[in-house]
Amino acid sequence: MSMGPTSNLTPELAVMQVEIEAHALRYGLDFYPTIFELIDADELNAIAARGGFPTRYPHWRFGMEYEQLAKGYHYGLQKIYEMVINNNPCYAYLMRSNAAIDQKLVMAHVYGHCDFFKNNDWFAQTNRKMMDDMANHGNRVRRYMDQVGVEEVEDFIDACLSVEDLIDIYSPFIQRREKRADDRFGSEEPKEAERNRPPRYQSKGYMDSFVNPREVMLAKQLEGADKNAARRIPDRPERDVLLFVLEHAPLAPWQADVLSIVRDESYYFAPQAQTKIMNEGWASFWHSTIMINDAVTAVDIINYADHHSGTMASSPTQLNPYKVGIELFRDIEDRWNRGAFGREYDECDDVQVRRRWNTNAGLGRKKIFEVRRIHNDLTFIDEFLTLDFVRDHKLFRFGYNAGSEAYEIESREFPKVKQQLLQSLTNRGRPIISVVDGNYRNRGELYLRHDFSGVELQTDFAVDTLRNLQRLWSRPVHIETVLENARAVLAFDGKNHDIEKGDPIEIPDLESIT
Amino acid sequence: MDIERDQRRFKQIVRGRIRDNLRKYITHGEMIGRKGRDLVSIPVPQLDVPRFKFGKNGSGGVGQGDGEVGDSLGKPGQGPDGAGGAGSDPGGGHYLEVEVSLDELAEMLGNELELPRIKPKGAASIEAEKTKYNSIRQTGPESLRHLRRTYLRALKRQISTGSYEPADPRVVPVRADKQYRSWNEVPQPQVNAAVIYIMDVSGSMTDEQKEIVRTEAFWIDAWLGKQYKGVEKRYIIHDAVAKEVDEHTFYHTRESGGTRISSAYKTAADIIEASFPVADWNIYCFQFSDGDNWGDDNRKAFELLGEKLIPASNLFCYGQVESPYGSGDFIDALEKQFGSHEKLVFSEIADKDAIYESIRKFLGKGK
């Protein structure tokens with residue numbers, strides 16, 4: 001499918017786009033050019049199955065996704081309203097069969113997302129030409145399929161996908177390692193001797209022998225050399241397992257390329273998982289603002305309200321990111337408009353006074369724009385989820401009760417609810433795993449460690465994942481984790497699985513921390 | 001958009017899974033309940049890519065709504081999911097419902113059991129042609145003129161040439177507009193198959209044994225159904241007396257009493273005589289029993305079998321299901337009487353797992 005730069009909107013929808021875009025701009029939203037594509041439900045399902053990219057590489061799981069979406073749609077169980085792609089220009093899809101009022105709502109919502117993509121700092125490092133790059137990825141994978149066979153490539157992709165979560169989501173923002181000289185021809189590699197030289201304090205030439213005495217330097221150098229000899233790989237635990245495998249595993253060139261494709265896409269999608277609540281909340285905040293203040297007509301108000309509330313519906317067991325997001329943004333705007341923040345407010349413990357607090361600060365709008373720039377879900381909840389909010393919105397914490405084999409409401413206490421929410425947002429709700437040794441037992445085996453935080457890994461999945469990881473690494477792989485309150489190491493050596501149970505460990509009681 | 005390609009790949013993989021687990025599916029009768037008209041819906045474990053993820057122990061999340069502390073929110077699988085997270089999706093229990101056509105399933109069965117294709121006897125190569133009025137032509141006799149299509153065409157022509165006036169909606173067909181009904185010749189293969197299932201429902205047959213019979217019959221049905229279009233099925237149950245019943249009754253009755261196998265043979269022979277001329281029909285008989293026949297009945301039964309049923313059938317299969325009251329000796333007597341007759345197949349089915357081998361034995365002859 002070709003993606004022309006021009007959209008295929010009907011004249012009515014084109015007019016609508018101009019109108020909504022003008023409203024969005026007036027409110028101060030700032031976005032890349034946005035292109036709407038009008039497509040059929042079936043196409044929409046097909047594109048959604050591929051994560052929004054029609055030209056993505058071929059893989060069976062997209063087919064599975066599609067089949068489920070298509071079935072759900074045909075049976076009338078589900079329907080995708082909108083889809084936006086973080087790209088410059090932004091692409092958004094509208095479903096042809098939607099009524100005009102829905103299209104309007106979707107457009108307003110989409111401009112919220114586009115603004116978020118462009119301005120939220122967590123998206124700053126994402127590839128804004130992903131639409132093109134995905135197509136390139138697709139071509140490369142297809143070429144490898146032609147060369148080595150569809151099944152071989154697809155199997156390898158399966159193995160890569162098994163560990164695609166194991167990336168370092170903060171690495172785009174931090175320089176974890178020293179930069180390697182990019183042009184290996186131009187810049188001189190530091191000489192061996194120089195590299196081993198210990199750091200010197202700055203000094204003028206004639207003072208040098210006093211500031212950096214010779215014997216001290218020598219001692220340090222020996223110490224340094226010693227360290228170098230027993231250098232571990234990696235130096236410090238490496239969260240980017242994919243990168244580590246990419247750099248150290250014996251992969252064929254096409255395999256390395258496929259792995260790097262999977263890794264690129266994983267980094268591209270990571271911020272969306274990190275900002276689900278904020279992103280949807282922000283977009284909903286703006287569709288609601290634009291529709292209510294400007295775009296909705298008397299004829300459509302009921303339909304609008306119906307569909308808006310449909311998106312906001314929350315169930316007891318499912319926290320709706322749209323709902324929590326929009327309410328938090330509204331809460332922040334309200335508090336900053338009233339001046340209900342800062343030390344004085346925080347220290348006031350009279351509920352009535354707090355409720356009526358109003359200094360006419362009028363900083364609400366400014367504040368929410370600032371929030372959308374600097375926060376991700378984790379910091380957003382940490383900073384702005386208040387006791388009042390949890391109470392007003394009836395949030396609770398639930399847990400699994402092994403006795404009744406069911407989920408139960410555990411608590412409505414604010415610290416517990418908040419802690420649970422933060423915990424489930426940490427690292428996108430996935431276990432934190434890093435490479436601690438790439439040469440375990442000095443036999444080139446890979447040793448990973450799961451930083452245990454109270455929830456155990458699902459063993460059968462972990463075992464299958466190890467199997468796939470072993471295919472990438474070629475040598476035995478291990479993961480250290482906690483099972484049944486004891487340290488355990490799962491291993492797979494290419495033929496056999498092994499679980500080595502260690503000593504029971506003292507698990508710090510999470511309740512006592514809060 | 002080549003999503004179809006991905007979909008095809010996915011289906012291929014699913015088929016692969018089914019094939020790998022076919023043995024399990026064969027021996028577990030659950031699938032029969034899922035049979036639609038042509039499709040069988042099979043639960044296949046979700047084909048998730050395995051990842052390191054949180055398990056159930058210690059997992060939980062945040063929800064919204066009313067309720068007291070301690071209230072239940074449902075079981076995992078149907079339960080919490082979403083922004084809730086740490087282990088919010090506690091895996092397991094996820095099944096994909098995959099629809100497979102019965103033909104395809106039979107094909108898999110055939111490949112798995114290495115069943116030979118059946119060589120039909122009789123008028124195999126003769127195909128009768130039947131005419132069906134199911135197409136349209138530009139020419140034909142006026143008596144076959146298709147009025148609605150003719151006028152529709154005329155209307156289209158008039159609109160496109162601009163001679164149609166909504167105020168004066170007259171449609172006049174010209175010669176080129178005329179459409180006629182026409183026929184095609186549909187070949188109808190004249191190969192027929194009839195399957196007669198005979199089950200012993202005497203007091204010694206338990207529900208579990210009937211379940212075995214049911215499962216085996218399902219698979220035999222699937223295979224023969226693929227080999228012949230429109231298989232005729234007849235069901236006979238018997239204790240001391242036999243009667244012909246419908247499919248539902250066959251699988252669900254529980255009678256009790258003694259066993260007189262000859263009564264069933266008599267009924268079967270009567271059915272064949274009345275409905276299935278041997279020359280035109282491929283006849284299969286499958287008999288399931290626990291082998292406990294009344295002693296004096298064997299002689300009469302063998303007589304009927306040897307004179308009527310075996311000569312008439314392509315194949316006569318006898319499956320002896322092991323009963324908790326001990327196995328009968330009919331199978332031994334049968335073997336002694338007929339030895340290794342080429343149309344006669346015996347099989348002892350000890351339990352569900354033996355169904356697999358039994359099917360192979362029955363259908364492995366390719367008759």
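Two strands are taken to pair if DSSP finds at least two bridges between them. In this predicted model, strand E2 of chain A and strand E3 (residues 90-95) of chain A are joined by four bridges and run antiparallel. One of the pairings sets Glu82(A) against its bridge partner in E3(A), Leu94(A). The loop between E2 and E3 of chain A contains Pro89(A), and the peptide bond that joins Asn88(A) to Pro89(A) is cis, with omega about 0°. Most peptide bonds are trans.

E2(A) and E3(A) belong to an open sheet of three strands, ordered E1-E3-E2 in chain A, with mixed pairing. Strand E1 (34-39) and strand E2 (82-85) of chain A are the edge strands, each pairing on one side only. From one strand to the next, the twist averages 20°. Helix H4 (residues 100-119) of chain A lies across E1, E2 and E3 of chain A and runs at about 25° to E2(A).

## The hairpin of E6 and E7

Strand E6 (residues 433-440) of chain A is antiparallel to strand E7 (residues 445-450) of chain A, and five bridges join the two. Within this pair, Ser434(A) stands opposite Arg449(A) of E7(A). The hairpin has four residues between its strands, and Arg441(A) takes a positive phi near 55° there.

How much of E6(A) is buried? Six of its eight residues are buried, so the strand is largely enclosed by the rest of the structure.

## Nonpolar cores

The largest nonpolar core has 69 residues, among which Leu448(A) and Phe52(B) touch the most other members. Helix H11 (residues 253-274) of chain A gives the most to this core, namely eight residues. Because domain 1 (11-120 + 275-302) and domain 3 (429-513) of chain A both give residues to the core, it lies between them. A second, separate core comprises 59 residues, including Ile101(A), Tyr304(A), Leu328(A) and Leu425(A). In soluble globular proteins, nonpolar side chains tend to be buried together.

Which residues does Phe52(B) touch, apart from those up to four places away in sequence? They are Leu166(A), Pro431(A), Ile433(A), Leu448(A), Leu457(A), Ala462(A), Thr465(A), Leu466(A) and Ile479(A).

His308(A) is located in helix H13 (residues 301-312) of chain A. With a relative accessible area of 14%, His308(A) falls under the 20% limit and is therefore buried. Beyond its neighbours within four places in sequence, His308(A) is in contact with Leu105(A), His287(A), Ser288(A) and Ile326(A).

Asp42(A) belongs to helix H2 (residues 41-49) of chain A. Is Asp42(A) buried or partly exposed? Its relative accessible area is 39%, and Asp42(A) is partly exposed. The C-alpha atom of Asp42(A) is separated by 9.1 Å from that of Tyr66(A), a residue 24 places apart from it along the chain.

## Positive phi angles in loops

Most residues other than glycine have a negative phi. Lys394(A), which is not a glycine, has a positive phi near 55°. Lys394(A) occupies the loop between helix H19 (387-392) and strand E4 (395-401) of chain A, and its relative accessibility of 38% makes it partly exposed.

Ser474(A), also not a glycine, has a positive phi of about 75°. This residue is in the loop that connects helix H21 (459-473) and strand E8 (477-483) of chain A. Ser474(A) is partly exposed, at 41% relative accessibility.

## Confidence of the model

The average pLDDT of chain A is 87, and 91% of the residues score at least 70. Over residues 1-5 of chain A, pLDDT stays under 50, and the model has 13 contacts beyond four places in sequence for this segment. Where pLDDT is low, the predicted coordinates should not be read in detail.

Conventions
Residues are numbered from 1 along each chain as its sequence is written. Chains are lettered from A and ligands numbered from 1 in the order in which they are written. This is a predicted model: local features need pLDDT of at least 70, side-chain atom pairs count only at pLDDT 80 or more; totals for chains, interfaces and linings use all residues. Side-chain values use heavy atoms; hydrogens and water are left out. Buried means under 20% relative accessible area, exposed over 50%, partly exposed in between (1.4 Å probe, protein chains only). A nonpolar core is a set of buried Ala, Val, Leu, Ile, Met, Phe, Trp, Tyr and Cys residues joined through side-chain atoms within 4.5 Å. Domain bounds come from an automatic or database domain assignment. Contact means heavy atoms within 4.5 Å. pLDDT is the predictor's confidence in each residue, from 0 to 100. Axes are lines fitted to C-alpha atoms, for helices over the stretch in contact, and angles run from 0 to 180 degrees between N-to-C directions.
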